Amino acid sequence: MTALDVRQEHGGRTSVAAARPRRVRSPYSYWFYLPAAVVYGALFLAPTFASFYFSLTRWTIFEHEFIGLDNFVQFFQEPALIKGFVNTLIYAVVTSGLKIVLGLLLAVLLTSQIVARGYLRSVVFFPVLVSTIGVGLTFTVLMHPDEGLINKSLALVGIDGPAWLTDPSYALLSVALVDVWKGVGLATLIYIAGIVSIPGEYFEAARVDGAGRLAVFRAIVLPLARPATVTVIILSLIGGLRSFDLVWAMTRGGPGFTSDVIASVIYKQYQAGFYGLSTAGNVVLFLVVTAIVIPLYGFLNRKEVDQ
Amino acid sequence: MTTATVRRPRKNHLLSLVAITMSAVVFLVPFAFIVLTALKDRQDASRLEFSWPRNVQFVQNLVDVVQARDYMLIIAFINSTILTVCSVTLMVILAAMVAFVLQRRRSRWTPLINFLVLSGLIVPPAVVPTIWVLQGIGLFRTMTGLIFVEVAFGLAFSILLFRAFIATIPRELDEAAIIDGAGPVRLFFRVIFPLLRSVAITVIVVQSVAVFNDFTNPLYFLPGSDNATVQLTLYNFQSQYGTQYNLLFMNILLITIPPLIMFLFFNRRIVAGMTAGAVKG
């Protein structure tokens with residue numbers, strides 16, 4: 001930006017500065033960007049750009065050999081890696097779907113006239129703040145096939161509970177359920193904020209018109225809580241696609257590789273020393289996240305008036 | 001006020017009862033299980049039952065967990081504290097500076113910077129290339145390196161919170177300070193920054209919990225048991241003890257206390273930070 005621009009900008013905003021243009025420099029110095037830009041550029045942007053190149057190499061940190069798209073070919077040929085890719089999508093869709101539905105229902109419940117509302121809100125939200133690894137290990141114990149509390153309780157009412165984490169067909173979904181248990185509080189909180197911001201007149205008017213609870217929900221809460229829905233969908237999709245901690249704490253991707261997700265594949269390949277392949281996994285994750293989140297964000301916000 | 005209370009519909013007691021029971025079963029039982037198991041002796045805990053401990057041995061388990069592997073938990077708590085305090089402090093200052101100029105000074109760079117901030121929220125960090133960069137500048141396997149990584153990954157969210165708040169501070173305040181002869185640095189640190197107190201607390205609380213609970217970044221960027229942060233001790237304990245569930249759960253209990261304290265004291269601030277996008281979208 002030239003000095004002329006600055007003076008114009010400055011003069012346009014404050015008449016005092018225009019009358020006495022002795023200070024040419026803007027009071028909002030670009031130097032303020034510098035410290036953040038250095039940290040962010042070096043440790044976030046540079047690695048992100050570098051990942052596109054290194055994903056095309058056989059890489060040992062110190063030296064790399066260009067091998068074209070081999071890593072990506074391998075990524076979509078090995079069953080273990082494809083499984084991780086598919087699981088990531090399933091996991092993200094299941095967790096965000098459940099968080100939206102349960103979060104909205106809980107939020108409607110927790111904004112209605114019930115006793116102990118504050119207690120209920122706290123109890124639903126607290127797991128969000130607890131260590132993911134701690135939650136994962138706790139539920140690994142609770143989901144133990146024979147001795148776990150969940151299956152023992154189910155047995156009391158005559159249900160033969162599945163081997164949650166050791167049965168290949170349930171492992172991923174079990175982890176997803178725990179993710180919902182831990183994360184639904186955040187969705188609920190966002191929905192509560194959205195519902196509380198709906199002007200009371202709408203509800204008054206609906207009551208005067210004799211609308212029932214369901215009608216109020218469908219005609220008022222659902223459409224007017226839309227920004228909250230957008231936030232919940234975007235946040236939980238991003239979180240679900242990137243999810244690593246919980247999967248690692250509960251199953252380490254097992255049994256076999258049946259509950260692997262892209263993020264755990266990245267870690268496994270990194271541990272095994274396949275840095276190029278690991279980075280290719282990162283690029284795949286990047287592409288999946290941007291390909292899903294950005295169009296969705298545009299689509300969901302299209303009807304919004306502001307921003 | 002009285003009319004409002006008269007008009008308000010009656011509380012639904014049946015629904016309340018159902019909700020409270022369900023919440024207890026779904027959300028309180030797992031926490032109760034953690035506490036009960038943490039109090040048991042080894043044999044009792046290994047049965048994984050949801051029952052009252054045969055003999056309560058709180059002190060014994062606490063001492064065992066703290067002493068395990070040469071007081072690793074103490075070292076880990078020190079490491080986690082250093083990590084959390086340093087990275088959150090840096091995050092708050094750097095993010096507030098960026099947010100201030102970003103909100104106040106519109107230029108052709110603004111859209112690009114907004115885009116970069118949004119990508120920081122969406123794009124998953126590239127792991128091995130980050131290690132490569134850290135190695136290049138000699139910060140891999142160092143606490144300093146991990147601190148800067150946490151700052152880099154936490155900046156975007158902090159900037160968004162600060163920017164929204166700064167938009168509510170009238171520009172007239174800046175202009176008055178400028179007329180009084182304040183330069184950019186004085187204007188920001190003396191006039192604006194003190195006004196950011198409430199949103200700064202929100203950022204501090206939310207990011208502290210996030211950094212303290214972070215497992216992935218220490219796992220990748222600060223490996224080694226000397227450097228362990230609290231989340232990693234949990235992991236080491238599990239593999240070391242195998243079936244010593246009482247100690248594992250005592251450990252879980254101990255590392256849940258800091259977030260619990262944050263929650264008790266700053267509940268409103270946390271809620272404000274986490275629902276920032278809900279109303280405006």
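The centres of domain 1 of chain A and domain 2 of chain A, taken over C-alpha atoms, lie 39 Å apart. Domain 1 covers 3–54 of chain A and domain 2 covers 72–301, with bounds that come from an automatic or database domain assignment. Four residues from domain 1 of chain A and four residues from domain 2 of chain A make the contact, where contact means heavy atoms within 4.5 Å.

A quick word on what you're looking at: this is a predicted model, in which local features need pLDDT of at least 70, side-chain atom pairs count only at pLDDT 80 or more, and totals for chains, interfaces and linings use all residues. Residues are numbered from 1 along each chain as its sequence is written, chains are lettered from A and ligands numbered from 1 in the order in which they are written, and side-chain values use heavy atoms, leaving out hydrogens and water.

Back to the two domains. Together they bury about 350 Å², 82% of it on carbon and sulfur atoms; buried area is the accessible area (1.4 Å probe) that two parts lose on being put together, summed over both. On the domain 1 side of chain A, A:Ser51, A:Phe52 and A:Phe54 supply 87% of the area buried against domain 2, more than any other three residues.

Now for the two chains. Chain B brings 106 residues into contact with 92 residues of chain A. About 9,100 Å² is buried between them, and carbon and sulfur atoms give 72% of that. Of the area that chain B buries against chain A, B:Phe27, B:Arg105 and B:Tyr235 supply 9%, more than any other three residues.

Next come the helices, which are DSSP runs (H or I, at least four residues) numbered from the N terminus. Axes are lines fitted to C-alpha atoms over the stretch in contact, and angles run from 0 to 180 degrees between N-to-C directions.

| Helix pair | Angle | Axis distance |
|---|---|---|
| Helix 3 (34–54) of chain A, helix 6 (127–136) of chain B | about 120° | 8 Å |
| Helix 12 (226–242) of chain A, helix 15 (275–301) of chain A | about 175° | 10 Å |
| Helix 4 (58–104) of chain B, helix 9 (184–195) of chain B | roughly 100° | within 12 Å |

Angles under 35 degrees count as roughly parallel, over 145 as roughly antiparallel, 65 to 115 as roughly perpendicular and the rest as oblique. Helix 3 of chain A is therefore oblique to helix 6 of chain B. Among the residues that meet there are A:Ser51 and A:Phe54 from helix 3 of chain A, and B:Trp132 from helix 6 of chain B. This contact has nine nonpolar, two polar and no charged residues.

Helix 12 and helix 15 of chain A are roughly antiparallel to each other. Their contact has 15 nonpolar, one polar and one charged residues.

In chain B, helix 4 and helix 9 are roughly perpendicular to each other. Their contact includes B:Phe100 and B:Arg104 of helix 4 and B:Phe188 of helix 9. By class, that gives ten nonpolar, no polar and one charged residues. For these counts, Ala, Val, Leu, Ile, Met, Phe, Trp, Tyr, Cys and Pro are nonpolar, Asp, Glu, Lys and Arg are charged, and the others, Gly among them, are polar.

Conventions
Helix = DSSP H or I, 4+ residues; strand = E, 2+ residues; numbered from the N terminus.
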